[in-house]
Amino acid sequence: PRWLEGANPSVLATVGVGDLVLLDPLSEESLLSNLRERFLHKEIYTYIGNVVISVNPYRQLPIYSAEMVEQYCNGNFYAMKPHIYAIAEDAYSSLRDRNRDQCILITGESGAGKTEASKLVMSYVAAVCSKGADVTKVKEQLLQSNPVLEAFGNAKTIRNNNSSRFGKYMDVEFDFKGEPLGGLISNYLLEKSRVVWHVKNERNFHIFYQLLAGASDPLLKRLKLQRDCRHHGYLGDENPRLPGMDDLLDAMRIIGFSEAEVMQLLEVTAVVLKLGDLQLSGQFQASGMDACVLRDICELIGLQESILEQALCSRTVEAKQEKVVTALSVAQGYFGRDALAKNIYSRLFDWLVTRINESIQVTAGERRKVMGVLDIYGFEIFQDNSFEQFIINYCNEKLQQIFILMTLKEEQEEYFREGIKWTPVTFFDNSIICDLIESGKGGILVLLDEECLRPGTVSAATFLAKLDQAFGSHEHYESRKSQSDRHITDTSLPSTCFRVHHYAGKVTYNATGFIEKNTDRLYRGLAQAMWQAKHTLLRSLFPDGDPKKASLKMPPTAGFQFKASINTLMKNLYSKNPNYIRCIKPNENQAPGQFTDELVRSQVRYLGLLENVRVRRAGYAYRQPYQPCLERYRLLSTHTWPRWTGTARDGVQALLSDLDIPPEELAYGHTKVFIRTPQTLFNLEERRRRRVEELATVIQKTYRGWRCRTQYQLMRKSQILISAWFRGHAQKKRYQHMKRAALLIQTYARGWKVRRALVRGGALPLLPPVLHSPFSLSPKLQKFFLGLKNNLPPLTVSDRSWPPAPYRFLTNANQELKTIFYHWKCKKYRDQLSLEKRAAMQTKLCASELFKGKKTRYGPSVPEPFQGDYVGLQKNPKYQKLQAAARGKLVLADTVRKVNQANGKVSAWRPCRLHTPIPELPGVLAVPAQDADGTWCLLPQQTGTGGAKGDVLLVSDHVIEVVTRVHQVLLETTQQATTIHPRRFSTQFKKSSIAVTVVQGPKGHLEPVCKKKGKKMEVLVC
Ligand SMILES: Nc1ncnc2c1ncn2[C@@H]1O[C@H](COP(=O)(O)OP(=O)(O)O)[C@@H](O)[C@H]1O
Ligand SMILES: [Mg+2]
């Protein structure tokens, strides 16, 4: 078909079609063969729109792994293979994201896989919601409630080894984040008759077998039980050693049962078993009872044996303040015993559910979202159907009604409401059957209640007669009477039975036992006996045994209670968004890979799957109010994106017409838009996904662009700032430079101008041409100075070399530089001299001042150092001793000759020393000058204290040194300078002054000679 084109391959790439809506051609046959083909290829799930059909595989399939959960967790409902996880995901996500309470309705025959399906849903939800510590605890408790309830409420039947014998509806409550907070379990009508009797090949409730097989020896002893099941009357004649006792105890511990509670629970369970072992003999007397068992029971529950015995064997009727005690027949006795066992067990089961609820109930009062999972016993047709089957089938009838109302009728009515053109699809509406059973104005249940309450003798026959009278002509009711009224003979219908045409088939019910089971009466004596027991749990199960609360009013009947609870359930379900899992049983043998066509066909038929597909196909797979639809898809069209100002409906129309979707795919209702095939929706979703990616890219692009731009602008601004400052700085420097240059030029220019003016005015001679231009001069100067700097003459003081000036105009400067350089060199030389050397130098300098140019001997004396001590006086030990005592410093030690004052003869050489201070030295030192050279030295002597001695004339080889040193000392002490006398001078010899003349001796004359003649003396020097 056209709409298959472009469908998602994964929906189609399975065996057959994954969604029966896509089936072509559509017929019961094709539907069946599609299911069969898929089943044989282990594809057990198939959709009809959002309804999941599950065919029980009776074997473990590898499709429930954690990876699978992961896949479905984020997958698109239409994009994955059909799976129960998909519907669980759909329900959970719309609960979490769209805030809609959900219910998951699991229907199907016994053994079709309902309980397994409900467990899968729960485990899926537990796996996908978050994993915090307290969440995990809640999840554990919710999950662990299952094995506990299964142990007490499930049993092996012919159809199912683990058949739930009670209906269960579990509300799981979530907070706004989708995390589980807790839950609430409701149970419906436990099949309690199983406690005392079951069909051959079936079994009693699991717990009994598990207890016997798994309890430790001491525990068994404490409970007074035998390990072998065959010892216990209620358990039949097999001994199946069922495992699971330990798991059960673990589960109860996790849920929060205390040790004491578990113990009491087991004790009450044991009491039920023991009741079955109680034998009543022919004489319904105390002695006739199995005393041992009775004692065991009474010990277990803490009750006096006689009380229980009396309660079991007799009946007390109160009439007009009188108590009449009547003994019971054996049959009545057994009936009472079984009733007690059933009652205890079913009350125990109710207590169990209440106790679990206490643990898992949510306490906080915040607003919560709820997901309900309904796993209720399936439609049942047995050989002999009784009150229980009637109730069970009634319940299934109601569920079918919900399904019809919500999927078929509701859907078609919606098209009508929305004003969509629609050809109605006919389907079977089972409300007529529901009315037949439950109608408040004379339904079967009401008639039954009336019959139970009616005084006088009531029996199955009277009940049947009443039914015949009321429904003789009802098209869904049959009995012997109504058949014969219609002139039909039907031998398959026994006279004690009536038949109801249920939606899933005709069921013949045996009216016998209806009254009793509906009344569900327990002799008051038994309830009172239980109430007297010391066992707290057991006692709490029988509040009606309290004599103070005893009332004569009949308690509500079982049918009445069930109807009420079913109606509450229905209300609850109607308020939620339904999700359907329809389980189908492929064969009666619980065998894998077997597909019995007839069996499946009948289920397909009564489940109304074909009609379901038809309505689905004629209708529209998907609908949504305009506003949310526009919100979700408006990004797909340029008309509606980014802004739409018109109404939502116009928006959706503009949007969808822009998307190139075939018009027959769409219908516009008053408030909703309808989309015919899932593929279109999937297509839309896919386009939206791509578009979202595109938009994300646009956002990313814009953002990245913006970020880069702002970054760039920041950088640009910084760069401009930096370069502005830098340029400013550079320009300032350049300006300074230019300013300096300009000033220089100005200076020169002005100078030049002035010079020119002067030259023109004749005030100045022409300057050498080189000076006219300061610019041509400067490189030459530079060259000269740099040349000098690089080739300085050696730093030796004696070296007086200096390079010549390269230009004439530099001669003076060069000369000046030479002098400066020489002075600088000398200073440097001086600076590095030691103190003695410096003193010696000073002495030499002093000598130079005194004698330079005045005495011929001076010239040769310059290079010779002054020695001071010429006679080695300082080494003489005597002198050294003396020196230590002497005050003054040795100035000079030499050998001299003295001129005799009397005759002017010159003495021989003899040592002489000069010491500071020199007290006997005269203030004036006279030395004959220049040409009168020789070794002469005159030391004029002051007229001292010891009388006038006259001057002393000495002859010394070191005259320069002697005079210089004496001069220095004199200068120091007397500030008197020595004068160098000319050749002719006068001296004082003993009061007479002698005129001395120095003359040049003849050649070859070796030493000075003095010739005195009176007052004249002539000195011949060599
Ligand atoms: N999805 C499944 N995979 C494998 N086995 C299943 C599956 N569903 C049901 N079964 C088998 O079928 C049996 C009956 O299923 P159950 O859920 O107890 O039926 P119901 O509750 O409808 O009476 C289970 O014990 C199990 O062995
Ligand atoms: Mg079940």
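Residues are numbered from 1 along each chain as written, while chains are lettered from A and ligands numbered from 1 in the order of writing. Because the model is predicted, local features need pLDDT of at least 70, side-chain atom pairs count only at pLDDT 80 or more, and totals for chains, interfaces and linings use all residues; side-chain values use heavy atoms, without hydrogens and water.

**Exercise 1. Classify the ring pair F390 and F498, and say which elements the pair ties together.**

Step 1: Recall the rule. Rings of Phe, Tyr and Trp (its six-membered ring) pair if their centres lie within 6.5 Å; planes under 30 degrees apart are stacked, over 60 edge-to-face, and the rest tilted.

Step 2: Apply the rule. The centres of F390 and F498 are 6.1 Å apart with 75° between the planes, which makes an edge-to-face pair. The structure holds 27 aromatic pairs.

Step 3: Place the residues. F390 lies in helix α14 (residues 387–418) and F498 in strand β12 (residues 497–502), so the pair ties together parts 108 residues apart in sequence. Helices (H or I, at least four residues) and strands (E, at least two) are DSSP runs, numbered from the N terminus.

Step 4: Look at the surroundings. Both F390 and F498 are buried, that is, under 20% relative accessible area with a 1.4 Å probe and protein chains only (exposed is over 50%, partly exposed in between). Ring pairs also link F390 and F498 into a cluster with F387, F463, F471, Y477, Y509 and F514.

**Exercise 2. Where do the buried residues of helix α20 fall around its axis?**

Step 1: In α20 (residues 524–532), the buried residues are L526, A527, A529 and M530.

Step 2: Seen down the axis, they fall within an arc of 160°, so they line one face of the helix. The arc is taken from the directions from the helix axis to the C-beta atoms.

**Exercise 3. Which atoms coordinate the magnesium ion (ligand 2)?**

Step 1: T115 (OG1) and S164 (OG) coordinate the magnesium ion, at 1.9 to 2.3 Å. Donors are N, O and S atoms within 2.8 Å of the metal (3.2 Å for Na, K and Ca); water is not among the atoms, so sites may look incomplete.

Step 2: T115 is in helix α5 (residues 114–128) and S164 in strand β5 (residues 163–164), 49 residues apart.
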